[in-house]
Structures are given as structure tokens and as C-alpha cells.
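Morning, everyone. Please have a look at the model first.

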Amino acid sequence: MSSIELKIENKVAFITLNRPEVFNSFNREMAFLLHDTLDACETNAEVRAIVLTGNGKAFCAGQDLKEVTDPELNPGFKKILEEHYNPIITRLRNIKKPIIAAVNGVAAGAGANIALACDIVVAHEKVSFIQAFSLIGLVPDSAGTFFLPRLIGFQKAQALAMLGDKISAEEAEKMGMIYKSVSLDDFEETINQLALKLSNMPTKALGLIKELFNSSMTNTLDQQLALESKLQIEAASSNDYAEGVAAFIEKRKPNFNGN
């Protein structure tokens, strides 16, 4: 049984973390399989949106602590961060296709921060998010100290990182940590509808939007204005822009092909 499952349907790649017996916590094998799966989705022209979720009761509990406490298995934190988690985060941010984190259960530690690195985060009402690092004497990784203060503010983010509070999906939505909390009954349908909508939108423009928001993290105002101009010109040369304008004028639904 593979620790990562991939299903492609209606131009959507569904990537499922599949170690439910350990709450989808990462070992070395699963990390490398996720790298390969994300790379495959990035280069597959059939895929125009990606959903990342977990199998079973959890989205992801972070690092498999059995691996780091077994002298024969432990790759060491330097390898875990530089070879496992950091490449996952950079892939999630650099793939020019929209990525939904469908948080189906608890998201803790690196698992929570992998979810927050996705473009759109949706969780059902019974989900909780935990910056669990401090509870075992560690510090947040997987870009938690980068994204969390930008999402919810410096004071709140630092408190959650220090205290390791459990945050419900409803609380996470209210503080701006995630896009939306939905009922458990509506969760699967909400994810499918959102993924289908994104897969039929102008993929090139969505990728450029992602690039702009990535750059906004570090750019000055003048730099961001210049980049907006550059990428707007690029977007305006796309087939999807021509189709979008034509559909607007003709009062019909656009048929975007993703380029």
C-alpha cells in the first residue's frame, strides 16, 4: 500500500496522504513520494487543480516520531527539514496551479503548516489545528513562522506557537488562518465543487496570481506594482484572456483551456 495515493478526475489531481494508522505522519518514504507526486502533477497538462488531503481520521500529524527516535531509521533533523519539509513547502508555493488543502482531520505540527502553505484551505467543523512543536521542546518549521504571522498577525501567531493551543476550524476561519470551515456533511461536496471550479478557470492567470502573492511577501510597493504590470501584460497575451473577453461580450459562459 502506497503512503501517497493519486487520483486524477475532471482535470483535478487528488493527492491523499495514506498512513492512517499513524495519522498520516511523515516518514522519509512518504516525504519523497509526495515530492514526486507534486512534480508529476506540475508537469501533467491534464491537471489544472490539485487537492491535498489525508486518509482516515487525520489530515497529517506532522513528523513520525518513531522514525526520529529509532537510531536505525532516524535521518536527523537537518535531513528531515532540508530534504523532506522544505522542498514540500517550496513545491506547494511554486507550482503554477491552484492547490486546495482539504483538511479532513487534525492538522498538527508540520502537517498544519503544510496545509497553511496551500493556496486555499478548507476544513470541516470537527477539525483542529495545532502548532504542536513547543509541546515536545521544538520550534515551528515547514514555514509556520513565515505564513502564520502573515495570516493571523504577529501576536496571535507567536502565542499559538508558544502555547500549542488547539484551534478549531471555526476559530481558524474567524482569525483568517483558513479560507472556510464547513459542516462535516458538506465537506466532500464543497471540496469537489471548489476543485471543479478551479480546474475550469484560466489556469495561467491563477498561476500568475499565485506568483504575485508569493512576491508580495517580500516586495516593496514599487516592486509589486512593477511586477503586477509585467504579469498583467503576460496574462493579457493568453488564450484564456481572449476567450474571457469574447465570452463577456457575447454574454456566454467562457470555455477556458488553461493557457
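I start with the second largest pocket, where α8 gives the largest share of the lining, 6 residues. Bear in mind that this is a predicted model. The space in this second largest pocket is about 400 Å³. Its lining has 19 residues, and those nearest the centre are Lys7, Phe14, Glu188, Ile191 and Asn192. Besides α8, the strands β1 (4-9), β2 (12-17) and β3 (49-54) each give two or more residues to that lining. Sorted by class, the lining of the second largest pocket has 8 nonpolar, 7 polar and 4 charged residues.

Now the largest pocket. Its volume is about 610 Å³. There are 26 lining residues, and Arg93, Cys118, Asp119, Ile120 and Phe213 are the closest to the centre. Here α9 provides the largest share of the lining, 6 residues. At least two residues each come from β7 (120-124), α5, α8 (184-199) and α9 (203-216).

The crossing of α5 past α6 is right-handed. On the α5 side, the contact is made by Leu148, Pro149 and Ile152; on the α6 side, by Phe154, Lys156, Ala157 and Leu160. By class, this contact has 6 nonpolar residues, 1 charged and no polar ones.

That is my last slide.

Key:
Residues are numbered from 1 along each chain as its sequence is written. This is a predicted model: local features need pLDDT of at least 70, side-chain atom pairs count only at pLDDT 80 or more; totals for chains, interfaces and linings use all residues. Side-chain values use heavy atoms; hydrogens and water are left out. A crossing is left-handed if the near helix is turned anticlockwise from the far one by less than a right angle, and right-handed if clockwise. Helices (H or I, at least four residues) and strands (E, at least two) are DSSP runs, numbered from the N terminus. Contact means heavy atoms within 4.5 Å. Ala, Val, Leu, Ile, Met, Phe, Trp, Tyr, Cys and Pro count as nonpolar, Asp, Glu, Lys and Arg as charged, and the others, Gly among them, as polar. On a 1 Å grid over the protein atoms alone, a cavity is a set of points where a 1.4 Å probe fits but cannot get out, and a pocket is an open set with protein on both sides within 12 Å along at least five of seven lines; lining residues have an atom within 4 Å of a point. Grid points are joined across faces, edges and corners, and a volume is the space filled by probe spheres set on the points.
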